[in-house]
Amino acid sequence: MNKIIKEILVGNLLGDASIKRTLSGKSYVTFEQSTKKSDYLNYLYEIVKENGIPLKKDHVTTYSRFDERFGVTNQSLYFRTEAIEELNPLADLFLNESGKKIVPHNISEHLSERGLAHWIMDDGQRVARGGVTLCTDSFDSEEVGILREALTKNFNLITSIHNKKSKTGSVYERIYVNKDSLDSIKPTLSTHLHDSMLYKVNLDKNFKQDTEGFISDSDIISDIDIFDT
């Protein structure tokens, strides 16, 4: 596995991608995004393919999935790699003994700026006032703390916690990256962002608000949904 694809996979695995082990001693990665992000997912499909990771199918697949956390049915796109031994080191890094995805304690040793860009494209939310929020809903407080430390250590980013309430009453911790510190790395970070994802860090000049002044994209964070701690 070359350096570029490893950095990309690390970023995506911090986001929506998942990795699984098989009984035959191999591992595979699944990538998923909403249908609104089709340009990005197809771009990701081509990157994985071009970097020599064999894919299960020669196309992206569509399906519906109900999200119990927020009581909505999402139309999603996904693709997955073949199960190969080359992915085992990432499985060892991101899976615990029971096969649950975790944040590695040494994630700072593996998270590059390219990886951060893919994490933002996968699971970042645009914040109208600046900065970006990383949706770390599937990680616990300790893991979120490890991620915040890595962001500070590797990129000198200033972060805080935003708590997201689900319809079931559960609270998820999300990482907000301070506007000024994010702005300091945007020139190089943006070189790793797909054009369709530039809006997440407020770089897309064509991104428009509707006439009521509300951002017309569900990936943009709402002050109604969060409270700071």
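1. R174 and D137 form a salt bridge through their side chains, with N to O at 2.7 Å. The two residues are 37 apart and tie distant parts of the chain together: R174 sits in strand β8 (residues 171–177), D137 in the loop between β6 (132–134) and α5 (141–155). The model is a predicted one.

2. Both partners of this pair are buried. R174 counts as buried because its relative accessibility is 6%, under the 20% cut-off. D137 has 10% relative accessibility and therefore also counts as buried.

3. Helix α6 (residues 179–189) holds both D183 and K179, 4 residues apart, about one turn of the helix. They form a salt bridge whose closest N and O atoms are 2.9 Å apart. D183, at 29% relative accessibility, counts as partly exposed, and so does K179 at 34%.

4. D183 also forms a salt bridge with K186, with 3.1 Å between the closest N and O atoms. These two residues of α6 are 3 residues apart, again about one turn of the helix. K186 counts as buried, at 13% relative accessibility, whereas D183 counts as partly exposed.

5. Elsewhere, a network of salt bridges links K3, E7 and R114. The search of the whole structure gives 6 salt bridges.

6. Helices α2 (residues 38–50) and α4 (residues 113–123) pack at about 145°, their axes 11 Å apart, and the crossing is left-handed. On the α2 side the contact involves Y40, Y43, L44 and I47; on the α4 side, H118, M121 and D122. By class, this contact has 5 nonpolar, 1 polar and 1 charged residues.

Terms used:
Residues numbered from 1 in each chain as written. Predicted model: local features only at pLDDT ≥ 70, side-chain atom pairs only at ≥ 80, totals over all residues. Heavy atoms only, no water. Axes fitted to C-alpha atoms, helices over the stretch in contact; angles between N-to-C directions. Left-handed = near helix turned anticlockwise from the far one by under 90°. Contact = heavy atoms within 4.5 Å. Nonpolar A, V, L, I, M, F, W, Y, C, P; charged D, E, K, R; others polar. Salt bridge = Lys/Arg side-chain N within 4 Å of Asp/Glu carboxyl O. Buried < 20%, exposed > 50% of the residue type's maximum accessible area, 1.4 Å probe, protein only.
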